[in-house]
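Here are some quick notes for a first look. Have the model open while you read.

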Amino acid sequence: MASKHSIACIALDGTKVLIAHRLPVGQMGDRWEFPGGKVEGDESCELAIIREMQEEFGITVTVGPHIANAQFMHNGETVALDCYRITVPHDGIAVPYTLTEHSEYRWADISEIENLSFVDSDLLLYPQVASYVKTQAGNA
């Protein structure tokens, strides 16, 4: 059983997903990631997503379906990582998001992610996320 729990968020625009560039601090600093963070205490994944997106991007999101999961080791502890589709209130272009944990964000085509310096844990989610994004784009 995982001793810690994290969440990752997928905001979609066709085959483009919202990704964020971490500040150059910490073990995974200066790398790209799907937005998200840690689930705190007895918080649900949905509440953690809403809180993290408010704290890190200054937006209120709607949480959609669970689309991927993985487990990884971090500092000797097993971390469960769950990935959810989210809906953002706007694309952050005309009205920029307010960043607290990232230096920048952008909408990247799902196929670009394999070629970016992405955090290891999110790369574990990538095959499931890419499949989901392609399925959703096919249904659009």
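The points below go through the cores and then the salt bridges.

1. Before anything else: this is a predicted model, where local features need pLDDT of at least 70, side-chain atom pairs count only at pLDDT 80 or more, and totals for chains, interfaces and linings use all residues. Residues are numbered from 1 along each chain as its sequence is written, and side-chain values use heavy atoms, with hydrogens and water left out.

2. Start with the largest nonpolar core, which has 24 residues; Val17, Phe34 and Val129 have the most contacts inside it. (Such a core is a set of buried Ala, Val, Leu, Ile, Met, Phe, Trp, Tyr and Cys residues joined through side-chain atoms within 4.5 Å; buried is under 20% relative accessible area, exposed over 50%, partly exposed in between, with a 1.4 Å probe and protein chains only.)

3. Among the elements giving two or more residues to this core are β1 (4-13) and α2 (120-139), and α2 gives the most, with six. (Helices are DSSP runs of H or I, at least four residues, and strands of E, at least two, numbered from the N terminus.)

4. Apart from this core lies another, of 19 residues, including Leu18 and Val88.

5. Now the charges: there are eight salt bridges, meaning a side-chain nitrogen of Lys or Arg within 4 Å of a carboxyl oxygen of Asp or Glu. Arg31 pairs with Asp120 this way, the closest N and O atoms being 2.7 Å apart. Arg31 sits in the loop between β2 and β3 (32-33), Asp120 in helix α2, 89 residues apart.

6. Glu52 and Arg51 also form a salt bridge (3.3 Å, N to O). Glu52 is buried at 7%, and Arg51 is buried at 16%.
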